[in-house]
Amino acid sequence: MSTPPLYAHRLGRAYGPDSSATALAGSLAAGVDGLETDVCATSDGELVLLHDPLLTLGTTLDGWAHQRSAAEILRARILDRDREPTAERPLTLDELLAATPGDLPIQVEVKAHADPELARHTAQILCERYRRGGERRRLELISFHSAACATAAAYGLRSRLVVWAEYAPEALAAWAVSRGVTGVSVEHFLLAPKLVAVFRLAGLSVSTGTVNDPELLARVTELALPDAVCTDRPAELRAEALRLEEAPATSALLDAEPAPAAPSAGAAC
C-alpha cells in the first residue's frame, strides 16, 4: 500500500522549534511533499507563523498576537518544547513563501482563540494578499473556525475545515459544499471508512494528522487512504513506513518451508 503525501507539521517540528527557519530547512533537506504551519494576524495586518495566538505559550513575548505589531513579534524568540528561549525568531508567511520552491503545497492554519471574527479577519488578510498572485495555487487555508474556511472559499482559495467530531457528517458535508469549502481534515483517531465515504461522496478531499508512528500511518492509510498526512518527521516516517511495508514479505520468505532437495544422479528411482 503506497504512502500518502506527507506534509511537515509546523514546518517539521522534529527538526527545529515550531515553524522556525531551522525546522523548515530540515524538512526541505529531508524531502517533503508539502508543508503545514499556523498563522496569526498582527495588529498592523501582517501574518506571522505562530501555533498559539497567546504569545506566552510559544514565544518570549506576552499578550495576544493580534494586539502586537509584526515588528514586535519578529523581535521575540521562539520557545522550545521545554519552554526555553531559542535563537529562532518567528517568521512571516511572506518569508516562508520566499524560502520554499514555488510548486511546494503549503497548508496555512488560521489561529484565533475563541474569536470567529478574528479568524474571519485573518483569512481575509491572507486572501486579499495572495488571491491574485501565483502563490494562490499552492496555498490552502485550513482552520477549526468555519468562518475562516468560508471566507477563503468565497475568495476562491482552497480551504479545509478541521473536524474534531464524527457526528452528523452529512450535515457537515452539505455545509462545506454549499460554502465552496474543498476539503476536511479529520483527526486520525476519528477516521473510519463510513465517515470518509460520506465526505468523499460529497466531493471533499480528506486529510489527517498528526501522525508520527509508521503503524499508525499504515492504519489510517488502510482505513481512509487520506489525500495527505501531517507529520512532525516526514523523512523518518516515510522510511519507517517503507520498512514496515516490506517486513511482511520478508517474513513470509523466512517462514516458508524449504523446497525438497533435488535427487542426486546416483539416487535410486
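This is a predicted model: local features need pLDDT of at least 70, side-chain atom pairs count only at pLDDT 80 or more; totals for chains, interfaces and linings use all residues.
**Pocket.** The lining holds 22 residues, and H9, E109, F144, E187 and T210 lie nearest the centre of the pocket. A pocket here is an open set of points on a 1 Å grid over the protein atoms alone, where a 1.4 Å probe fits, with protein on both sides within 12 Å along at least five of seven lines; lining residues have an atom within 4 Å of a point. I noted a volume of about 340 Å³ for the largest pocket. That volume is the space filled by probe spheres set on the points.

Which strands supply at least two residues each of the lining? I found β2 (34-41), β4 (106-110), β6 (158-163), β8 (205-208) and β9 (228-231). The largest share, 3 residues, comes from β9. Strands are DSSP runs of E of at least two residues, helices are runs of H or I of at least four, and both are numbered from the N terminus.

**Ground rules.** I number residues from 1 along each chain as its sequence is written. Local features need pLDDT of at least 70, side-chain atom pairs count only at pLDDT 80 or more, totals for chains, interfaces and linings use all residues, and side-chain values use heavy atoms, without hydrogens and water.

**Helix α5.** Next I checked α5, residues 146-154. Its buried residues are A148, C149, A150, T151, A152 and A153. Buried means under 20% relative accessible area, exposed over 50%, and partly exposed in between, with a 1.4 Å probe and protein chains only. What do the buried residues of α5 pack against? I listed β4, α4 (116-130), β5 (139-143), β6 and α6 (169-179). After α5 comes G156, with a positive phi near 85 degrees.

**Q67.** I found Q67 in the loop between β3 (47-48) and α2 (70-74). Is Q67 buried or exposed? Q67 counts as exposed because its relative accessibility is 53%. I also checked A41: Q67 and A41 are 26 residues apart in sequence and 9.0 Å apart in space, C-alpha to C-alpha.

**Whole chain.** I counted 9 helices and 9 strands. The C-alpha atoms fill a box of roughly 95 × 45 × 35 Å along the principal axes. Of the 269 residues, 45% are buried. Among contacts (heavy atoms within 4.5 Å) with a separation of 6 or more, 57% join residues 24 or more positions apart.
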